[in-house]
Amino acid sequence: MTGITTTGEKRMVLISGRAHPELAEQVSKELGAELVPTSAYDFANSEIYVRFEESVRGSDAFVIQSHTANVNQWIMEHLIMVDALKRASAKRITVVAPFYGYARQDKKGRGREPISARLIADMFKTAGADRLMSVDLHTAQIQGFFDGPVDHLWALPILADHVGKRVDRSNITIVSPDAGRVRVADLWSDRLGAPLAIIHKRRDPNVPNQVKVHEVVGDVEGRTCVLVDDLIDTAGTIVQAAEALKANGAADVIATATHAVLSGPAVDRLKNSPISELIVTDTLPIAPSQQFPQLTVLSIAPLLARAIREVFDDGSVTSLFDGHS
């Protein structure tokens with residue numbers, strides 16, 4: 001039987017949806033636990049069916065699904081897997097969503113708007129989830145949307161260590177592409193011992209995915225600038241930020257992001273941008289058509305596996321981040 005069994009006490013099982021099976025396999029290898037055999041398919045009318053091929057009764061179940069495109073399909077499959085686990089008498093169910101869908105809809109910017117990130121959390125709780133685990137949520141407040149423990153993992157150590165080995169640290173400036181990422185950029189600055197710069201931008205609320213960059217605050221002239229963001233979708237923000245840095249005399253521009261959404265024109269924009277390297281993790285699947293010479297993909301599986309192990313062993317997830325998570 002798959003999973004990890006602690007003598008007569010606890011059994012951990014790892015379950016994967018169909019959105020990003022490669023990541024689940026890597027986590028499985030890191031843990032040394034096989035994935036639970038699962039039958040999942042779509043009916044002719046697009047309804048989703050899921051059944052686990054072995055007992056999960058009394059288990060500590062971790063169900064992995066990254067909310068990639070088609071986001072609605074994979075969130076629904078994730079919810080159905082949680083419901084199936086609840087009805088199969090799993091003792092505790094942890095939703096592992098490396099990329100949390102609808103995270104950008106975390107507040108009301110104008111009247112009559114939804115707070116969809118809260119809705120997603122409510123649906124997982126209703127389906128039967130006891131715990132939520134994700135990587136680099138768009139805003140930290142999303143942790144409060146879920147009525148239960150939330151493990152908020154950071155990819156910062158993985159990304160920052162890679163950058164630190166690649167470039168001369170004495171000539172780095174960490175750059176936040178907007179005011180919302182200043183706190184994370186500040187942590188990068190502390191980790192690499194580098195100064196901080198900020199790009200002031202203005203977004204038209206009536207036109208999605210379009211940003212106007214106004215000014216760069218900080219010393220970037222002649223320096224290697226490292227743009228830090230949580231996700232890259234259409235790449236409009238990050239490319240305009242890179243162009244602004246170059247216009248202000250930056251010698252080189254490196255961009256980092258945890259989640260490579262890479263929608264629509266993103267790949268073409270990035271290929272033709274001043275960015276010399278884009279460093280991301282594999283929280284989302286990256287198709288061959290989305291890959292390009294400047295792209296570097298780092299594995300998030302070791303971090304997920306360590307966090308899952310800490311939760312299963314009733315350890316400390318915060319200890320993985322020197323107490324900062």
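Start by selecting residues 71-87 and 116-127, which are helix α2 and helix α3; the two pack at an angle of about 25 degrees, and their axes are 8 Å apart. Keep in mind while looking that this is a predicted model. Angles under 35 degrees count as roughly parallel, and α2 and α3 are therefore roughly parallel to each other.

Next, show the side chains where the helices meet. On α2, the contact is made by I75, H78, L79, V82, D83 and K86. On α3, pick I120, M123, F124, T126 and A127. Coloured by type, the residues of this contact divide into seven nonpolar, two polar and two charged.

In general, an α-helix has 3.6 residues a turn, so residues three or four places apart point the same way.

The next stop comes from a record. UniProt, in an unreviewed entry, places the feature "binding site" at N45, S46, E47, R104 and Q105. Select these residues together: they span 61 residues in sequence, and the farthest two C-alpha atoms are 29.5 Å apart, so they do not all gather at one spot.

Two of the annotated positions can be visited in turn.

- **E47.** Find E47 in the loop between β3 (38-42) and β4 (48-52). Is E47 buried or partly exposed? At 48% relative accessibility, E47 counts as partly exposed. Leaving aside neighbours within four places in sequence, E47 is in contact with Y41 and D42.
- **R104.** Move to the loop between β6 (92-97) and α3, where R104 lies. R104 has 41% relative accessibility and therefore counts as partly exposed. Which residues does R104 touch, not counting residues up to four places away in sequence? Show H138, L231 and D233, the residues that R104 touches on that count.

Key:
Residues numbered from 1 in each chain as written. Predicted model: local features only at pLDDT ≥ 70, side-chain atom pairs only at ≥ 80, totals over all residues. Heavy atoms only, no water. Axes fitted to C-alpha atoms, helices over the stretch in contact; angles between N-to-C directions. Helix = DSSP H or I, 4+ residues; strand = E, 2+ residues; numbered from the N terminus. Parallel < 35°, antiparallel > 145°, perpendicular 65-115°, else oblique. Contact = heavy atoms within 4.5 Å. Nonpolar A, V, L, I, M, F, W, Y, C, P; charged D, E, K, R; others polar. UniProt positions renumbered as here; feature names shortened; annotations may be inferred. Buried < 20%, exposed > 50% of the residue type's maximum accessible area, 1.4 Å probe, protein only.
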